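Thanks for making time this morning. I would like to walk through one protein model with you, going from its overall fold to a few side chains.

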Amino acid sequence: MRKSMLAMLLLAAPVAVGAQLPAPPAALPEGAVLDVQAEGKIARAPDQARVSAGVVAQAASAEAAMRAQAEQMARVLAALDRAGIAARDVQTTRVSLQPQYRYAQDQAPVITGYQAASQVSLRFRDIARAGAVLDALVRAGANQIEGPSLGFADPEAVLDEARAQAVARARARAELYAKAAGLRVARILAISEGGPSFAPPVPVAYAMARSEAKAETILRPGESEVSATVSVRFLLQ
(Lines give C-alpha, C1' and ligand atoms only; values in the text may rest on other atoms or scores of the structure.)
Protein backbone atom coordinates (compact mmCIF):
# COMPACT_ATOMS: atom_id res chain seq x y z
CA MET A 1 0.00 0.00 0.00
CA ARG A 2 2.77 2.44 0.95
CA LYS A 3 4.73 1.56 -2.21
CA SER A 4 1.68 2.25 -4.35
CA MET A 5 1.14 5.69 -2.76
CA LEU A 6 4.85 6.57 -3.13
CA ALA A 7 4.77 5.63 -6.79
CA MET A 8 1.74 7.81 -7.38
CA LEU A 9 3.46 10.81 -5.70
CA LEU A 10 6.61 10.37 -7.77
CA LEU A 11 4.59 10.27 -10.98
CA ALA A 12 2.63 13.38 -10.04
CA ALA A 13 5.63 15.46 -8.91
CA PRO A 14 7.05 16.33 -12.36
CA VAL A 15 3.64 17.56 -13.51
CA ALA A 16 3.25 19.90 -10.51
CA VAL A 17 6.75 21.33 -10.85
CA GLY A 18 6.42 21.72 -14.61
CA ALA A 19 3.22 23.80 -14.21
CA GLN A 20 5.13 26.44 -12.25
CA LEU A 21 7.87 26.99 -14.84
CA PRO A 22 7.61 30.25 -16.83
CA ALA A 23 6.62 30.05 -20.47
CA PRO A 24 9.57 30.12 -22.86
CA PRO A 25 10.31 33.56 -24.31
CA ALA A 26 8.85 34.44 -27.71
CA ALA A 27 11.25 33.94 -30.58
CA LEU A 28 13.04 37.14 -31.61
CA PRO A 29 12.76 38.18 -35.27
CA GLU A 30 15.69 37.20 -37.43
CA GLY A 31 17.58 40.34 -38.40
CA ALA A 32 18.48 43.72 -36.92
CA VAL A 33 15.97 45.96 -35.13
CA LEU A 34 16.18 49.69 -35.91
CA ASP A 35 14.33 52.43 -33.99
CA VAL A 36 13.78 55.70 -35.87
CA GLN A 37 12.13 58.93 -34.70
CA ALA A 38 10.96 61.41 -37.31
CA GLU A 39 8.94 64.62 -37.47
CA GLY A 40 6.46 65.78 -40.07
CA LYS A 41 5.80 69.50 -40.37
CA ILE A 42 3.09 71.18 -42.44
CA ALA A 43 2.70 74.96 -42.94
CA ARG A 44 -0.77 76.21 -43.83
CA ALA A 45 -2.61 79.52 -43.78
CA PRO A 46 -5.22 79.47 -40.99
CA ASP A 47 -8.80 79.48 -42.23
CA GLN A 48 -10.61 80.83 -39.17
CA ALA A 49 -10.06 83.44 -36.46
CA ARG A 50 -11.35 84.04 -32.95
CA VAL A 51 -11.58 87.55 -31.54
CA SER A 52 -13.03 88.86 -28.29
CA ALA A 53 -15.13 92.04 -28.38
CA GLY A 54 -16.68 93.74 -25.40
CA VAL A 55 -18.09 96.86 -23.87
CA VAL A 56 -17.23 98.71 -20.66
CA ALA A 57 -19.53 101.30 -19.08
CA GLN A 58 -19.29 103.39 -15.92
CA ALA A 59 -22.01 105.03 -13.87
CA ALA A 60 -22.66 106.33 -10.38
CA SER A 61 -24.83 103.32 -9.43
CA ALA A 62 -24.44 99.61 -10.10
CA GLU A 63 -27.83 99.44 -11.79
CA ALA A 64 -27.04 102.31 -14.13
CA ALA A 65 -23.67 100.81 -15.07
CA MET A 66 -25.22 97.41 -15.87
CA ARG A 67 -27.99 99.03 -17.88
CA ALA A 68 -25.50 101.11 -19.89
CA GLN A 69 -23.32 98.12 -20.77
CA ALA A 70 -26.40 96.05 -21.66
CA GLU A 71 -27.58 98.73 -24.09
CA GLN A 72 -24.14 98.98 -25.67
CA MET A 73 -23.82 95.20 -26.00
CA ALA A 74 -27.28 95.00 -27.58
CA ARG A 75 -26.09 97.37 -30.29
CA VAL A 76 -22.92 95.30 -30.76
CA LEU A 77 -24.92 92.07 -31.13
CA ALA A 78 -27.26 93.76 -33.60
CA ALA A 79 -24.23 94.81 -35.66
CA LEU A 80 -23.08 91.18 -35.69
CA ASP A 81 -26.50 90.08 -36.95
CA ARG A 82 -26.37 92.68 -39.72
CA ALA A 83 -22.89 91.46 -40.68
CA GLY A 84 -24.23 87.92 -41.09
CA ILE A 85 -22.29 86.33 -38.22
CA ALA A 86 -24.13 83.14 -37.24
CA ALA A 87 -25.43 82.78 -33.67
CA ARG A 88 -23.34 79.62 -33.18
CA ASP A 89 -20.19 81.72 -33.78
CA VAL A 90 -20.98 84.22 -30.99
CA GLN A 91 -20.52 83.22 -27.35
CA THR A 92 -20.77 85.36 -24.22
CA THR A 93 -17.58 84.81 -22.23
CA ARG A 94 -17.71 87.45 -19.48
CA VAL A 95 -20.10 89.69 -17.59
CA SER A 96 -18.70 91.70 -14.69
CA LEU A 97 -19.59 94.52 -12.30
CA GLN A 98 -16.98 96.17 -10.10
CA PRO A 99 -17.01 99.16 -7.75
CA GLN A 100 -14.61 102.00 -8.48
CA TYR A 101 -12.73 103.48 -5.50
CA ARG A 102 -11.04 106.73 -4.60
CA TYR A 103 -7.98 106.24 -2.43
CA ALA A 104 -6.53 108.83 -0.06
CA GLN A 105 -3.71 108.51 2.41
CA ASP A 106 -4.79 107.42 5.90
CA GLN A 107 -8.40 107.12 4.77
CA ALA A 108 -10.64 104.19 3.95
CA PRO A 109 -11.35 103.71 0.23
CA VAL A 110 -14.52 105.43 -0.97
CA ILE A 111 -16.74 104.01 -3.73
CA THR A 112 -17.12 106.64 -6.43
CA GLY A 113 -19.08 104.60 -8.96
CA TYR A 114 -19.34 101.28 -10.75
CA GLN A 115 -17.90 99.74 -13.87
CA ALA A 116 -19.81 97.08 -15.78
CA ALA A 117 -18.43 95.03 -18.64
CA SER A 118 -19.46 92.20 -20.92
CA GLN A 119 -17.55 90.32 -23.60
CA VAL A 120 -18.30 87.94 -26.45
CA SER A 121 -16.03 85.57 -28.32
CA LEU A 122 -16.44 85.70 -32.10
CA ARG A 123 -15.47 83.04 -34.60
CA PHE A 124 -14.79 84.29 -38.11
CA ARG A 125 -14.96 81.56 -40.74
CA ASP A 126 -13.93 84.09 -43.38
CA ILE A 127 -10.82 85.87 -42.08
CA ALA A 128 -10.90 88.38 -44.91
CA ARG A 129 -14.18 89.80 -43.53
CA ALA A 130 -13.08 89.95 -39.90
CA GLY A 131 -11.49 93.41 -40.00
CA ALA A 132 -14.55 95.11 -41.48
CA VAL A 133 -16.82 93.41 -38.94
CA LEU A 134 -14.63 94.55 -36.05
CA ASP A 135 -14.76 98.12 -37.32
CA ALA A 136 -18.57 97.88 -37.45
CA LEU A 137 -18.59 96.64 -33.84
CA VAL A 138 -16.54 99.63 -32.69
CA ARG A 139 -18.97 101.98 -34.42
CA ALA A 140 -21.82 100.15 -32.65
CA GLY A 141 -20.28 100.69 -29.20
CA ALA A 142 -17.64 98.02 -28.61
CA ASN A 143 -14.69 99.56 -26.74
CA GLN A 144 -12.67 96.42 -25.96
CA ILE A 145 -11.19 94.12 -28.61
CA GLU A 146 -8.64 91.35 -28.06
CA GLY A 147 -7.13 88.83 -30.43
CA PRO A 148 -6.97 87.31 -32.85
CA SER A 149 -6.45 83.61 -32.21
CA LEU A 150 -5.97 81.96 -35.60
CA GLY A 151 -6.50 78.30 -36.34
CA PHE A 152 -8.04 75.65 -38.57
CA ALA A 153 -11.64 74.61 -38.97
CA ASP A 154 -10.45 70.99 -39.38
CA PRO A 155 -7.13 70.70 -37.50
CA GLU A 156 -7.13 66.89 -37.72
CA ALA A 157 -6.93 67.02 -41.51
CA VAL A 158 -3.80 69.17 -41.35
CA LEU A 159 -2.37 66.99 -38.58
CA ASP A 160 -2.93 63.85 -40.67
CA GLU A 161 -0.75 65.37 -43.39
CA ALA A 162 2.01 65.92 -40.83
CA ARG A 163 1.61 62.33 -39.55
CA ALA A 164 1.90 60.87 -43.04
CA GLN A 165 4.98 62.98 -43.70
CA ALA A 166 6.57 61.84 -40.42
CA VAL A 167 6.07 58.15 -41.28
CA ALA A 168 7.45 58.69 -44.78
CA ARG A 169 10.55 60.38 -43.35
CA ALA A 170 11.03 57.56 -40.85
CA ARG A 171 10.82 55.01 -43.67
CA ALA A 172 13.32 56.95 -45.82
CA ARG A 173 15.74 57.13 -42.89
CA ALA A 174 15.39 53.41 -42.25
CA GLU A 175 16.12 52.69 -45.92
CA LEU A 176 19.27 54.81 -45.62
CA TYR A 177 20.53 52.91 -42.57
CA ALA A 178 19.65 49.55 -44.13
CA LYS A 179 21.54 50.34 -47.33
CA ALA A 180 24.57 51.52 -45.37
CA ALA A 181 24.54 48.26 -43.41
CA GLY A 182 24.07 46.06 -46.47
CA LEU A 183 20.54 45.09 -45.40
CA ARG A 184 16.99 45.82 -46.48
CA VAL A 185 13.90 46.99 -44.62
CA ALA A 186 11.78 43.89 -44.14
CA ARG A 187 8.82 45.33 -42.25
CA ILE A 188 7.61 47.66 -39.49
CA LEU A 189 7.38 46.11 -36.04
CA ALA A 190 5.78 49.02 -34.14
CA ILE A 191 4.73 52.66 -34.45
CA SER A 192 4.08 55.15 -31.65
CA GLU A 193 3.10 58.80 -31.89
CA GLY A 194 4.31 61.76 -29.88
CA GLY A 195 2.15 64.77 -29.02
CA PRO A 196 1.19 67.00 -31.97
CA SER A 197 2.05 70.70 -31.87
CA PHE A 198 0.48 73.77 -33.42
CA ALA A 199 2.85 76.71 -33.80
CA PRO A 200 1.35 80.21 -33.70
CA PRO A 201 0.95 82.09 -36.98
CA VAL A 202 3.88 84.08 -38.29
CA PRO A 203 3.82 87.05 -38.53
CA VAL A 204 1.46 88.41 -35.89
CA ALA A 205 -1.71 89.02 -37.83
CA TYR A 206 -3.56 91.99 -36.41
CA ALA A 207 -3.00 95.50 -37.71
CA MET A 208 -4.53 98.82 -38.73
CA ALA A 209 -4.23 100.01 -42.32
CA ARG A 210 -4.50 103.81 -42.47
CA SER A 211 -5.33 106.05 -45.40
CA GLU A 212 -6.36 109.65 -45.79
CA ALA A 213 -10.02 108.73 -45.97
CA LYS A 214 -10.39 106.22 -43.13
CA ALA A 215 -8.70 103.54 -41.03
CA GLU A 216 -9.60 99.90 -41.55
CA THR A 217 -8.67 96.92 -39.42
CA ILE A 218 -6.91 94.18 -41.37
CA LEU A 219 -6.23 90.63 -40.20
CA ARG A 220 -3.47 88.84 -42.09
CA PRO A 221 -3.45 85.10 -41.37
CA GLY A 222 0.16 84.37 -42.27
CA GLU A 223 1.01 80.66 -41.84
CA SER A 224 0.74 78.26 -38.93
CA GLU A 225 2.95 75.18 -38.55
CA VAL A 226 1.49 71.85 -37.51
CA SER A 227 3.90 69.07 -36.59
CA ALA A 228 3.67 65.42 -35.59
CA THR A 229 6.39 63.10 -34.27
CA VAL A 230 6.45 59.32 -34.66
CA SER A 231 8.74 56.58 -33.41
CA VAL A 232 8.94 53.59 -35.74
CA ARG A 233 10.64 50.23 -35.13
CA PHE A 234 11.84 48.50 -38.29
CA LEU A 235 13.14 45.00 -38.92
CA LEU A 236 16.21 44.94 -41.18
CA GLN A 237 17.34 41.72 -42.85
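Let me begin with how the elements are named: helices (H or I, at least four residues) and strands (E, at least two) are DSSP runs, numbered from the N terminus. Please keep in mind that this is a predicted model, in which local features need pLDDT of at least 70 and side-chain atom pairs count only at pLDDT 80 or more, while totals for chains, interfaces and linings use all residues. Residues are numbered from 1 along each chain as its sequence is written, and side-chain values use heavy atoms, with hydrogens and water left out.

On that basis, the protein has four helices and 10 strands, and along the sequence they follow the pattern α-β-β-α-β-β-α-β-α-β-β-β-β-β. If we take contact to mean heavy atoms within 4.5 Å, then among contacts with a separation of 6 or more, 79% are between residues 24 or more positions apart. Of the 237 residues, 30% count as buried, where buried means under 20% relative accessible area, exposed means over 50%, and partly exposed lies in between (1.4 Å probe, protein chains only).

Now to the interior. A nonpolar core here is a set of buried Ala, Val, Leu, Ile, Met, Phe, Trp, Tyr and Cys residues joined through side-chain atoms within 4.5 Å. The largest one has 22 residues, of which Leu-122, Phe-124, Val-133, Leu-137 and Leu-219 touch the most other members. The elements giving two or more residues to this core are β2 (48–59), α2 (62–82), β4 (110–124) and α3, and the largest share, six residues, comes from α3. Val-133, leaving aside residues up to four places away in sequence, touches Leu-80, Ala-83, Ile-85 and Phe-124. Apart from this core lies another of 12 residues, including Leu-34, Val-36, Ala-170 and Val-185.

In one of them Asp-35 pairs with Arg-233, with the closest N and O atoms 2.6 Å apart. Asp-35 lies in strand β1 (residues 32–44) and Arg-233 in strand β10 (residues 224–236), so this pair ties together parts that are 198 residues apart in sequence.

Two other salt bridges lie within helices. Arg-67 and Glu-63 meet at 3.8 Å between the closest N and O atoms, and, being four residues apart in helix α2, they are separated by about one helical turn. Arg-67 is partly exposed at 45% relative accessible area, while Glu-63 is exposed at 61%. Glu-175 and Arg-171 form a salt bridge of 3.3 Å, N to O, and both lie in helix α4 (residues 155–180), four residues apart.

Finally, the backbone. A cis peptide bond, with omega about 0 degrees, joins Gly-147 and Pro-148, and Pro-148 is in strand β5 (residues 144–151). Asp-106, although not a glycine, has a positive phi of about 65 degrees.

Conventions:
Salt bridge = Lys/Arg side-chain N within 4 Å of Asp/Glu carboxyl O.
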